[in-house]
Amino acid sequence: MSSVLHLRGLFVSGAASASSARVARFSSPDKKKNYVSSVLMEDREAKPIDLVGGFLAKKPYNPPSWVSHLNPIPTHIYSLGHLPTPIHKWNVPNLPDDTEIWIKRDDLSGMQLSGNKVRKLEFLLSDAVAHGADCVITVGGIQSNHCRATAVAARYLNIDCYLILRTSKTLVDKDPGLTGNLLVERLVGAKVELVSKEEYANIGSVALADLLKERLISEGRKPYVIPVGGSNSLGSWGYIEAIREIEQQTKCSFGVYFDDIAVACGSGGTIAGLALGSTLSNLKAKVHAFSVCDDPDYFYNYCQGLLDGLQAGVDMHDIVNIQDAKGLGYAISTAEELQFVKDTAAETGVILDPVYSGKAAYALLKDISANPTKWKGRKILFIHTGGLLGLFDKFEQLAPMIGNWGKMELGESIPRKDGIGKMF
């Protein structure tokens with residue numbers, strides 16, 4: 001019976017063909033022997049889940065040794081992301097001498113599930129299933145990437161999803177439409193409930209989720225609440241684990257060791273996991289977070305609570321530098337920010353989202369430009385947290401910036417077809 005072996009990022013069908021493919025790569029008998037011996041050892045040690053790819057499977061979680069003192073440690077995760085995500089040099093123009101920016105493409109962690117939220121959901125949905133949930137509730141903005149990812153992941157696992165989305169007072173009684181993340185959420189059957197921004201501010205996300213939870217319980221359902229952005233202590237494990245992934249990539253793939261990690265901050269779980277993981281592991285990169293909504297003081301306090309929930313014994317102020325990058329406000333883009341997103345795509349081929357990574361990269365490069373000596377000689381890893389679908393909500397602002405089209409000039413001398421398709 002044919003199996004599918006997942007070895008070193010390559011899928012090879014059939015055990016015999018896999019062995020042949022390995023041996024064919026080497027001309028020297030000694031090299032063949034040593035390589036085949038090491039790979040066969042990998043096969044013997046691989047768990048059954050590894051031998052079939054494991055996507056959507058529940059598996060035991062074995063944490064890195066450097067976090068063995070944290071408590072509680074998750075026992076299982078669901079395999080939801082296409083991991084590891086790649087890292088490559090980001091050829092951003094006009095950097096100071098000897099300054100390099102590399103980029104980790106967590107925007108490629110899936111398709112409908114793409115982005116940083118996938119890593120958190122691997123832990124959160126495992127916990128939901130362990131608690132016997134038949135539906136999940138989460139909260140976010142009208143174009144929330146987290147809500148979209150939660151809706152897709154829940155449907156993969158045959159769990160219903162309820163989304164509480166905040167919108168403007170003038171739109172709260174209207175069909176929210178099918179733009180961007182909303183299209184995916186509604187296609188996979190998520191139940192969308194709208195609240196105004198004023199109601200959200202007055203009541204709060206926790207109380208809103210609890211209100212819906214009580215209603216669903218009264219209807220005989222078993223709901224599980226996932227916080228905004230998946231950012232609680234359990235969700236933070238997603239980016240503790242990402243640090244292990246980065247460590248392995250730097251050692252095995254390209255030998256670059258990073259001085260700094262830069263990332264957007266929208267709900268706190270990602271930066272809490274990155275900062276704690278980088279501090280406890282051998283990576284020891286300095287983490288720079290760019291807040292796209294609340295002020296840095298809010299995130300220092302909130303993330304401290306996440307670390308305390310893991311009994312980490314670490315002060316958030318000591319392990320991360322949080323800068324304000326929200327500009328005009330959450331999900332509100334200036335013309336300069338969108339021009340930066342457009343120019344970055346045209347110059348480097350990397351498309352940033354306007355809400356998170358676009359604002360974070362814009363603020364990072366402004367800081368590098370203003371303080372070149374601070375960044376001289378540094379190797380920076382920028383985490384692209386995804387959110388491409390959010391660009392569809394900005395098409396009216398982007399349209400005047402994007403030309404690159406025109407009617408093709410055909411000229412008079414080009415041969416043309418007659419009415420029956422013959423050239424003349």
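Predicted model: local features only at pLDDT ≥ 70, side-chain atom pairs only at ≥ 80, totals over all residues.
Helices and strands are here DSSP runs, numbered from the N terminus, and contact between them means heavy atoms within 4.5 Å.

The protein has 16 helices and 14 strands. Of its 424 residues, 47% are buried. The accessible surface of the protein comes to about 20,900 Å², and carbon and sulfur atoms account for 55% of that area.

Six of the strands form an open sheet with mixed pairing, in the order β5-β6-β14-β11-β12-β13. The edges are taken by β5 (87–89) and β13 (320–324); each has a single partner strand, so one side of each is left without a neighbour in the sheet. On average, and with direction ignored, neighbouring strands of this sheet are turned by 25 degrees against each other. Within the sheet, strand β6 (residues 100–105) and strand β14 (residues 379–384) run parallel and are joined by six bridges. In this pairing, K104 stands opposite I383 in β14.

Two helices lie across strands of the sheet. Helix α10 (residues 269–280) lies across β11 (260–265), β12 (286–291), β13 and β14, and runs at about 165 degrees to β11. Helix α11 (residues 296–308) lies across β11, β12 and β13, running at about 145 degrees to β13.

The aromatic side chains form a further set of links. A pair of aromatic rings is described by the distance of the centres and the angle of the planes. With ring centres required to lie within 6.5 Å, the count comes to nine aromatic pairs. One of these joins F55 and Y156 edge-to-face, with 5.9 Å from centre to centre and 80 degrees between the planes. This pair links distant parts of the chain, since F55 belongs to the loop between α3 (48–51) and β3 (58–60) whereas Y156 belongs to helix α5 (residues 145–156), 101 residues apart. Elsewhere, Y61, F123 and W237 form one aromatic cluster.

Aromatic rings also meet charged side chains. The charged end of K117 sits over the ring of Y356, 5.6 Å from its centre. For R166, the charged end sits over the ring of Y200, at 4.6 Å from the ring centre.

Note on methods: Residues numbered from 1 in each chain as written. Heavy atoms only, no water. Pairing = 2+ DSSP bridges. Helix = DSSP H or I, 4+ residues; strand = E, 2+ residues; numbered from the N terminus. Axes fitted to C-alpha atoms, helices over the stretch in contact; angles between N-to-C directions. Phe/Tyr/Trp six-rings, centres within 6.5 Å; stacked < 30°, edge-to-face > 60°. Lys NZ or Arg CZ within 6 Å of the ring centre and 35° of its normal. Buried < 20%, exposed > 50% of the residue type's maximum accessible area, 1.4 Å probe, protein only. Areas by Shrake-Rupley, 256 points an atom, 1.4 Å probe, with all protein chains shown as cover.
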